[in-house]
Amino acid sequence: MTLARVWPALFLIGLAACTPGGFSTSDDAVFAPSVDPRGAVVDQLTVGHRLMAAGEYELALSSFSLAAAEQGLTPEVLLSLGSANLALGRLNQAEDLLRRATKDAPESPDTWNNLGVVLIEKNETAEAAQVFRRAFALDNGESVAIRDNLRLALAKLENSQYDAEIEQEYKLVRRGSSDFLIRPTQ
C-alpha cells in the first residue's frame, strides 16, 4: 500500500478526533441504552405471562424456555410451556408438557383443566371428561371455566353419535394467564 492511498484515511480519522465530541455520538441520536450491571433480573415467567395476555404466544414460549433454563422444569414452568404450546395449536407438545406437570404437581386444577382442553381438541372426549372431573374436584367447583369445560365434555361424551352436518365448531378462549375455556362458535 502506498502512502497516497493511506493518507486520506488518516486525515479523516484525525479530523474526527478534533471534533468537540471526538468519536462519540451526538446527543440527539437514538441508541440502545447501556447495560446496568447492578440492574435487577427480570423474571421470565412474568414476562411470558404478560406476552400470553398480549397474544404473543411465540414470544411467550421463548420467555418460558428462558425460565426453564434459569429455574429448571418446575411444575409452573411446565404448565406455562404447555399453555403456550396449546395456544399455538401444538397439541402433542402441549399434552406431553401438561402430563409431566400433572405428575409433578397433581394438585393443580389449572394444569388438569388445560390438559383436558388439549384432549378435547384431540377428540379424546372420554379421557377429557375424566380430567375435567379431576380439575373440578381439585378446584372445589369454584372455577366457572372448569365447570363449563366439564359440562361441554360430558355433553359431547353423551352425544358421541352425531352427524357431521350438525357438528359444532368450538374455539379456545383464554382466561387469565394460563386458563383456557372451550366455547362453541355460534
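These legends accompany close-up views of a predicted model of one protein.

**Figure 1. Overview of the protein and its secondary structure elements.**
The predicted model contains 8 helices and 2 strands. Read from the N terminus, the order of the elements is α-α-α-α-α-α-α-α-β-β. The protein has 186 residues, and 33% of them count as buried. Its accessible surface is about 11700 Å², and carbon and sulfur atoms account for 54% of that area. Taking contacts between residues at least 6 apart in sequence, 46% join residues at least 24 apart.

**Figure 2. Helix α2 packed against helix α3.**
Helix α2 covers residues 44-53 and helix α3 covers residues 57-71. Their axes lie 8 Å apart and form an angle of about 165°. Angles over 145 degrees count as roughly antiparallel, and α2 and α3 are therefore roughly antiparallel to each other. The crossing of the two helices is left-handed. On the α2 side, the contact is made by Gln44, Leu45, Val47, Gly48, His49, Leu51 and Met52. On the α3 side, the contributing residues are Tyr57, Leu59, Ala60, Ser63, Phe64, Leu66, Ala67, Glu70 and Gln71. Sorted by class, the contact of α2 with α3 consists of 10 nonpolar, 5 polar and 1 charged residues.

**Figure 3. Glu70 in helix α3.**
Glu70 is located in helix α3 and is among the residues of α3 that make the contact with α2. Is Glu70 buried, exposed or partly exposed? Its relative accessibility is 48%, so Glu70 counts as partly exposed; the class of exposed residues begins over 50%. Asp43 is 27 residues away from Glu70 in sequence. In space, the C-alpha atoms of Glu70 and Asp43 are 9.3 Å apart.

**Figure 4. Helix α4 packed against helix α5.**
Helix α4 spans residues 75-87, and helix α5 spans residues 91-104. The two axes come within 8 Å and cross at roughly 160°. This angle is why α4 and α5 are described as roughly antiparallel to each other. The crossing of α4 and α5 is left-handed. From α4, the residues in the contact are Pro75, Leu78, Leu79, Leu81, Gly82, Asn85 and Leu86. From α5, they are Leu91, Gln93, Ala94, Leu97, Leu98, Arg100, Ala101 and Asp104. By class, the contact of α4 with α5 holds 10 nonpolar, 3 polar and 2 charged residues.

**Figure 5. Helix α5 packed against helix α6.**
At what angle do the axes of α5 and α6 cross? They cross at roughly 150° and come within 9 Å. The helices α5 and α6 are therefore roughly antiparallel to each other, given that the class takes in angles over 145 degrees. Helix α5 passes α6 in a left-handed crossing. The contact involves Leu91, Ala94, Glu95, Leu98, Arg99, Ala101 and Thr102 of α5. Helix α6 contributes Thr111, Trp112, Asn114, Leu115, Val118, Leu119 and Glu121. The contact of α5 with α6 divides into 8 nonpolar, 3 polar and 3 charged residues. Leu91 of α5 is listed in this contact and also in the contact of α4 with α5.

**Figure 6. Asn123 in the loop between α6 and α7.**
Asn123 sits in the loop that joins α6 (109-121) and α7 (125-138). Asn123 is not a glycine, although its phi is positive, at about 60°. The relative accessible area of Asn123 is 57%, so this residue is exposed.

**Figure 7. Asp139 and Asn140 in the loop between α7 and α8.**
Asp139 lies in the loop between α7 and α8, and Asn140 is found in that loop as well. Helix α8 covers residues 144-158. Which residues does Asp139 touch, not counting those up to four places away in sequence? They are Pro109 and Ile146. Asp139 has a relative accessible area of 16% and is therefore buried, as the class requires under 20%. Glu107 is 32 residues from Asp139 in sequence, and their C-alpha atoms are 9.0 Å apart. Asn140 has a relative accessibility of 62% and so counts as exposed. Phi of Asn140 is positive, near 60°, in a residue other than glycine.

Conventions: Residues numbered from 1 in each chain as written. Predicted model: local features only at pLDDT ≥ 70, side-chain atom pairs only at ≥ 80, totals over all residues. Heavy atoms only, no water. Axes fitted to C-alpha atoms, helices over the stretch in contact; angles between N-to-C directions. Helix = DSSP H or I, 4+ residues; strand = E, 2+ residues; numbered from the N terminus. Parallel < 35°, antiparallel > 145°, perpendicular 65-115°, else oblique. Left-handed = near helix turned anticlockwise from the far one by under 90°. Contact = heavy atoms within 4.5 Å. Nonpolar A, V, L, I, M, F, W, Y, C, P; charged D, E, K, R; others polar. Buried < 20%, exposed > 50% of the residue type's maximum accessible area, 1.4 Å probe, protein only. Areas by Shrake-Rupley, 256 points an atom, 1.4 Å probe, with all protein chains shown as cover.
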